[in-house]
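The sequence and the model are shown first.

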Amino acid sequence: MVFQRCFVASGLIAFFVFGCSGGAKSWTENTTQVVQESNVTQLLIEAKATQKAEDFFHQGNHLLDGQRYEDAIKAYDKTIAIKVENSEAWINRGIALTSLQRYKDAIASYDKAIAIKPDKYEALINRGIALTKLHRYQDAIAIKQDLHQVYYNKACSYALQSNLELAIENLDKAIQLVPDKYKKLAKTDPDFSKVRSEKRFQELLQ
């Protein structure tokens with residue numbers, strides 16, 4: 001934004017100096033062309049970086065499936081080095097670490113994913129597993145308590161989008177964890193107004 005502001009001011013100065021001559025027009029066109037080319041170059045660089053991060057991520061997934069956990073972690077590290085906000089890479093990195101029984105490192109990885117996307121329930125579930133492996137049972141139970149809220153909030157979001165399937169799926173998971181609370185809440189919550197009349201939704205609340 002600073003560069004654009006300077007560019008506008010410079011354009012005005014050039015106009016007053018040269019009037020309406022062709023020289024001023026040519027200067028403006030040339031400057032605009034340079035700016036456009038610079039923007040295109042930047043977009044290409046970002047696109048290449050994104051593609052490279054995706055390639056490393058898929059490579060990591062392939063290695064994870066092949067139980068090559070150390071190599072998978074290295075691939076996810078390369079992904080994160082390019083796109084640190086890739087929550088899926090942090091989660092899968094945590095899974096690889098858990099498989100190597102490096103539970104504290106795994107928890108740190110899941111924490112990173114939750115920091116990026118607080119409602120990432122996969123990170124919460126896997127974090128709970130790692131905490132259990134460390135015999136931190138009370139912390140694992142707390143994760144379970146947080147999890148039902150995540151499922152309920154996801155159900156509300158899908159209901160607002162009129163996505164009945166995913167609304168029911170997530171609400172069902174919340175109800176399984178805390179039946180009385182969420183059955184009662186879903187009956188009156190305005191977030192479910194678009195799907196409340198559906199038979200399957202009504203059956204879930206019985």
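**A buried asparagine**

Asn170 is a residue of helix α8. The model discussed here is predicted. Is Asn170 buried or exposed? Its relative accessibility is 3%, and because buried means under 20%, Asn170 counts as buried. A polar atom of the Asn170 side chain lies 2.8 Å from the backbone oxygen of Leu166. When neighbours within four places in sequence are left aside, Asn170 is in contact with Tyr151, Lys154, Ala155 and Tyr158.

**The chain as a whole**

The chain has ten helices and zero strands. Read from the N terminus, its elements therefore run α-α-α-α-α-α-α-α-α-α. Of the 206 residues in the chain, 34% are buried. The accessible surface of the chain is about 13,000 Å², and carbon and sulfur atoms contribute 56% of this surface. Among contacts in the chain with a separation of 6 or more, 48% are between residues 24 or more positions apart.

**Salt bridges**

How many salt bridges does the structure hold? There are eight salt bridges in the structure.

| Pair | N to O distance |
|---|---|
| Arg93 and Asp77 | 2.7 Å |
| Asp111 and Arg127 | 2.5 Å |
| Glu165 and Arg200 | 2.7 Å |

The side chains of Arg93 and Asp77 meet in a salt bridge. Arg93 belongs to helix α4 (residues 87-99) and Asp77 to helix α3 (residues 69-82), so this pair ties together parts that are 16 residues apart in sequence. Arg93 is buried, with a relative accessible area of 18%, whereas Asp77 is partly exposed at 33%.

Asp111 forms a salt bridge with Arg127. This pair links distant parts of the chain, with Asp111 in helix α5 (residues 103-116) and Arg127 in helix α6 (residues 121-133), 16 residues apart. Asp111 counts as partly exposed, at 31% relative accessibility, while Arg127 counts as buried, at 18%.

Glu165 forms a salt bridge with Arg200. Since Glu165 lies in helix α8 (residues 164-177) and Arg200 in helix α10 (residues 199-204), the pair ties together parts that are 35 residues apart in sequence. Arg200 is partly exposed, with a relative accessibility of 39%.

Salt bridges also link Glu70, Arg102 and Asp105 in a network.

**Helix α4**

Helix α4, which contains Arg93, is mostly covered, with ten of its 13 residues buried. Which residues of α4 are buried? They are Ser87, Ala89, Trp90, Ile91, Asn92, Arg93, Gly94, Ala96, Leu97 and Thr98. At 1.5 Å a residue, the 13 residues of α4 should span 18 Å, and the end C-alpha atoms are 19 Å apart, which agrees.

The N-terminal end of α4 is capped by Asn86, which has a side-chain oxygen 3.2 Å from the backbone nitrogen of Glu88. Just after α4, Gln101 takes a positive phi of about 65°.

**The nonpolar core and Phe201**

The largest nonpolar core has 46 residues, of which Tyr152, Leu171, Phe192 and Phe201 touch the most other members. Helix α7 (residues 137-160) supplies the largest share of this core, nine residues.

Phe201 is located in helix α10, the helix that also holds Arg200. With a relative accessibility of 0%, Phe201 counts as buried. Which residues does Phe201 touch, not counting residues up to four places away in sequence? Phe201 touches Leu164, Ile168, Leu171, Ala186, Phe192, Val195 and Arg196. Two of these partners, Leu171 and Phe192, are named with Phe201 among the core residues that touch the most other members. Phe201 and Ala167 are 34 residues apart in sequence, and their C-alpha atoms are 8.8 Å apart in space.

**Summary**

In this predicted model, the chain has ten helices and zero strands. Phe201 of α10 is one of the residues that touch the most other members of the largest nonpolar core.

Note on methods: Residues numbered from 1 in each chain as written. Predicted model: local features only at pLDDT ≥ 70, side-chain atom pairs only at ≥ 80, totals over all residues. Heavy atoms only, no water. Salt bridge = Lys/Arg side-chain N within 4 Å of Asp/Glu carboxyl O. Helix = DSSP H or I, 4+ residues; strand = E, 2+ residues; numbered from the N terminus. Buried < 20%, exposed > 50% of the residue type's maximum accessible area, 1.4 Å probe, protein only. Expected span 1.5 Å × (residues − 1). Polar contact = N/O pair within 3.5 Å; in protein donor to acceptor, adjacent residues only side chain to side chain. Contact = heavy atoms within 4.5 Å. Areas by Shrake-Rupley, 256 points an atom, 1.4 Å probe, with all protein chains shown as cover. Core = buried A, V, L, I, M, F, W, Y, C linked by side-chain atoms within 4.5 Å.
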